[in-house]
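Student: Give me a close look at the aromatic side chains in this model. One connected account will do.

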Amino acid sequence: MATRPSRRDEFEIAVVCALSLEYDAVVLAFDEFWDDDGDTYGKAPGDPNTYTTGRIGQHNVVLALLPNMGKVGAAGTAASLRSSYTGLRLAVLTGICGGVPAPGTGDEIILGDVVISKTVVQYDYGRQYPGRFIRRDTVDDNLGRPNKDIRILLATLETDRGRDALQHGATQTLGQIRENAAKKRGRGAKYVRPSAAEDQLFKPEYQHKHRDGSNCGCVEQTCEAAWAASCDELRCDVAELVPRERLKDTLESNGTHDDPEFEIYVGCVGSSDMVMKSGEDRNRIAREHGIIAFEMEGAGVWDEVPCIVVKGVCDYADSHKNKKWQAYAAATAASVMKALLARYIQTDKPTAGDRTGSAASPTPLRGPGAVFNGPVTGKHVVAGQHTSGGTTNISFACMLEAEKERDVANVRGCKVPGVKAWRYSHRQTRRLTHTKMGPEMAFNGPLHGQGVVAGMRVSGGTANVHFHHTGDRPRSGPLRVLPFSRNEDVVIRPAIFSQLDLLLPVSEARSAALWGLGGKTQVALEFAYRRANEDETCSIFWVHADTEATFAQDFALIARKAGLPTSNGEELLMAVCHFIESQPRWLLVLDNADDLRLFGVGATRQNESTTQSATKSLYHHVPKGPYGSVLWTSRDSKIAGTLVGPLRAVEIANMLPKEAQALLATVRGSDISDEEFDDAVALLSELHHIPLPVSQVSAYMRRTALPIKEYLSRLKDGKKRWGLLKRTGFDRHRREGISNSILETWNITIEHLKEEDEAAVRILYILAYVDNRNIPAEIIKAAAAAEICSISGYIRSGSREHACADDESAEDTDESDDVTEEAVTRLREFSFLHRTTAPDGEPMYNMHQLVQEATLYSHSVEKNVEKTACYSTMALRILNTLFPESKRENWEECEKYVRHVLRASKWAEMADDGIVILNLLTKTSNYLYDRERWNERETINDRAYLLRREALSKKHPDTISSMCRLATTYLAQGRYDEAEKLYKEALELDNEVLGERYHSTISSMVCLASTYYAQGGMMRQKRSQHEF
C-alpha cells in the first residue's frame, strides 16, 4: 500500500476531469485523502490549479478539475500540473464521451460502456476549403503515440486475461462508488444504470427537431429550443430507431444474466473543441479516422503529460443526446480508471541519499557543467528534480534562521554565475533585504544552459526558491529543421539564385524576400539546402507563416528539436526566437507569409479598427541579430519596403520558355521529342509558364501516359478544362492538407484579400466576367464603386445608374478614387492585375487568365447561382453604362468595350435586369453592323434573340425584330438558306401579329426579297417586289 508522500515530486499519477459530475465520481473511487486537513504540498509559482490529493489502490494520486471544457483549458491545466508535480509518469483523463455505436458489428457500443484511448486524433485541426475540410495529417501535425510504458500496458489490456482482470476490477469499483455515494446523504441511486429502454439510437439522418408545426420555424432545420427538449417532448418517432442485438439481449434478460453491466473498448478517440451532435458527421469522421468515441479534452492533455483517456459513453454524439446517462457513464469511467491503475506497476523509489537536492549528495543537472552543488540546510528541506526533453526543473523550500519576518519581492532575471545565455525582459534586479541565513544555505552553480528564471520570497522564516533551467543538448553539428527533403527535380533558374546569393551572402546577416504567383517555396527550399552545403556551421529553420497557428506550431517543433521548455504562447515564441539568435550562424525561412497583417504590416482604411495591434504582431518573434539571415516568401509584393528593404525582394515571375520546357520534361520523366515540341510550346503557353501548373500537368501526363497533344486538346475543350485544372495530387515537397489544385490554390489568397480590402475582391469578381486583356481603367473604377444591396437585389455601378434604396448621391469623388487606387494596387501587388498602356497613352489592365478561371471556379464550387448572377449582372450593367451609341465619333470608345461585351454576354441568360442587358446588346449589335463585323455580331444577335424569345415570347414584336437582325447577319455572312428561313418565319409572325400592311411586316418582306436576290432567285424576288 502507498504511504503518504512527503513531497510533491513523489506523486506519479494524475487524474484529470473536465466536469464536476466526473470529478464527483472519481472522488468516490479514492481510498484515502491526504488533504483532509488542508493542503500540505503547495504548487509551483504561476500554477492556477487547485488539487485534490490522496490514494487510489497502491498509487498516490493528484486530482485536477479543469476550469472549462475543451482542448485549450485542458492543455493549460496539464502544463501547470506538470510544473507543480514534476514526478508524474501518467495522467488519466477520466469522464464522459459520445460513442460510435457501430450496430450490427462485433464492436457494438451501447450507453454506459467505457472507451480507453489507444491513440487520439485531433480531427478538427486542418483547413476549411469551399465545400470540404482537409485535416492536417503530417507526422508533425499528428499527436504522438503514447510512451512505451503506456503502450505495453494497453497491449496487456487487450489480451483475454488482461481484459477479464480489468473488467472484474472495474465491476468491484463500481460497487464501491455506489456504496460510498449511498453514505453521502443517499446518493447511491445516482449511479444506478438507467433502464435499457432509455438507450435509444436513431438513424443518423433522423434529426432531433420539432415536427408538429411549432412556431420556432425548424420544420426543415433543427433549432435551439428543440436541442433543449427531450425526445419524448418532441415525440421522436420510435420507428426511426436502429435495432441492436446487444441491447435486445439486455432487454430480454431484464438484468438476470451474469454478463457485466458495461463493456470496455480500446481504440482511437477523436478529440476536438466541438461538441459532436450529428449522427451523419459522426459516422463520416469515424469512418475516415477509425474513431470509436468523441470527446473534447484529450488532445490538450496528450502533448503535455503521458496520458490515457478513459471515458464512459453517455450518448451517441447525435442530435438526440441528453443527460440521462451522464452520471452512470462517469461512474463506469471512474471504475475502469481505478482498475487500470491497479494494473499500472509502480517504480522503485530512490533511497534518501539519492534524492535530488539533498545535502548528502550534490546532483548534476543535464548539460555540461550544469550542477546543483548545495548544500541547503535548515529546519525543513523539500527538494525535487524532474528532467524531461533536456529541461531540468528544481524547487525547494527551506526554513531559515531569520531575525524577523521579511517579505522580499520576486526577482526575475537573476544572473547566476556561469550562465551562458541570459535574456529576460525584466533587466532590473531589486536588492534583497538582508536576511540572516544558515551558513550552508548556498547555490554554488555553475549552471550552463539557455536561460534561467528565478524567484524568491521570504515570509514567516521560510524561503521558497524556484528556477527553470534548459540544459545544453550536445549536438555534433548545427540544428536543421526542414519540412521537406531536397527536390531533385527542381529546375535551376540562374538569374534568381544569383540574386539570392547577392542578397543573402554567407558571411553577413541580411534579409530578403521571394514574391510572385508560383515557385517560391521550391526556390527557397533549394536555397536552404545550398546554404547547408556551403556553410557546415549554419543552423537552418523553416516556419510556415501563412497563419498564426502554423507559425506557433513550427516554433513549437523547433523548441522540441532544440530541447527547449515545452511552454506555450508568448513564452514559447520568445524562447525559440532567442534560441535561434544564439546560434553561431543561422538561416530562417518564413514560407507563405501571404497575410502580412500577421507581421504588423498596415491595414486598409476599411479594417484599421479590427487589425491586430502592433503588440500582437508576430514580427516581434522573428529573430534578428548579427549572425543570421531571414528569407521570406509571399505572394504579396508589398513585402518589399515593409518586412524587407525595397530592393531586397526578388520577383518569382513566370518561367522562361526553356525553363518551363525543362520542368515539363523532368517531371514527366521523358524528353520532349521533335514531333511534340510545337504542342509542348502551346501547352506551356496555356499554363503561362507558371511552375505549379506545369508540374501538376506533367505529373498527370506521366501517371496516365497521356500524350501532350491529347492533353492540350482536352485543355482547350471548355467542358473538360476545369476538370483538368482542378486536379490535385500528392507532392512530397508541399505540405499535406494544402491543396495544390491549380484552380484552388489562388483562392486562399483571395480569401485573405477579402478580409483586408473588399473593393479589391469586388473588382476581381466583376472582372472575372469580362475579357482578361485590355481592360479599360473606367471598368475598374466602376467596379470599385459598385455596391451590392443584396446578393440578388439591385446593384449600383458607376455614376449614371442608381437603384439602391438608401442611395447616397453625393459621394466624395476623391475618396472614391483613393479606394480604387488602393484596391488596384493590392491586386497588382498580388500579381492578379498587370498595368499596360494603350496606344493613346491611356492606362489599361490585364488580368491573369488562371486567376480569372480560379475566381469563376470558386463561384461554381460554391454552387451559388445568385452569386454568379450578381457579379455577371454587375459587369453587364457597368458595360451598358460605359458603351456609347454607335456614331462615327464614338467608334473608338465603342471599340474599347466590345470585346468585354462579347465575353460578359455569355452570362446574359443568368443575369438579372434583362432590359439593361438587351439595351447593351442592341448598342453593340448596331456598332458591329456599322463596322461590318458579322461574326462578332452573330454572337451578340443570337444571344439577344434567345433572351427576348425566353423573356417576351416568340410572337412579341421585339423578338421578331431580333430575329430579323440575326437573319441580316446570316445574309451578310453568305448563309442564305439560314437567312431565308429566318426572314420567312419573321414575315409570317409579322403578318399574324401586326398585319400585312404594318411597317415591320413590309420591312421583313424587303429583307426576304434581298435574300432571294443574293441567291440569284429572280422570279421569287419579282414576286416579293410585286407583293411589296
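**Aromatic rings and their surroundings**

Tutor: Phe 599 and Trp 632 are both buried, where buried means under 20% relative accessible area, exposed over 50% and partly exposed in between, with a 1.4 Å probe and protein chains only. The model is predicted, so local features need pLDDT of at least 70 and side-chain atom pairs count only at pLDDT 80 or more, while totals for chains, interfaces and linings use all residues. Residues are numbered from 1 along each chain as its sequence is written, and side-chain values use heavy atoms, with hydrogens and water left out.

There are 16 aromatic pairs in the structure. One of them joins Phe 551 and Phe 555, which are stacked at 4.5 Å centre to centre with 25 degrees between the planes. A pair here is two rings of Phe, Tyr or Trp (its six-membered ring) with centres within 6.5 Å; planes under 30 degrees apart are stacked, over 60 edge-to-face and the rest tilted. Both residues belong to helix α13 (residues 548-562), 4 residues apart, about one turn of the helix. Helices (H or I, at least four residues) and strands (E, at least two) are DSSP runs numbered from the N terminus. An α-helix has 3.6 residues a turn, so residues three or four places apart point the same way. Phe 551 and Phe 555 are both buried.

Phe 599 and Trp 632 form an edge-to-face pair, 5.0 Å centre to centre with 90 degrees between the planes. This pair links distant parts of the chain, 33 residues apart: Phe 599 is in the loop between β21 (586-591) and β22 (628-634), and Trp 632 is in strand β22.

Two rings have a charge over them, meaning NZ of Lys or CZ of Arg within 6 Å of the ring centre and within 35 degrees of the ring normal. Arg 530 lies over the face of Phe 497, 4.3 Å from the ring centre. The charged end of Lys 624 sits over the ring of Tyr 619, at 4.5 Å from its centre.

Phe 11, Tyr 41, Tyr 51 and Tyr 85 make up one aromatic cluster. Thr 53, in strand β3, has contacts (heavy atoms within 4.5 Å) that include Phe 11, Tyr 41 and Tyr 85, as well as Phe 30, Phe 33 and Trp 34, not counting residues up to four places away in sequence. Thr 53 counts as buried because its relative accessibility is 0%.
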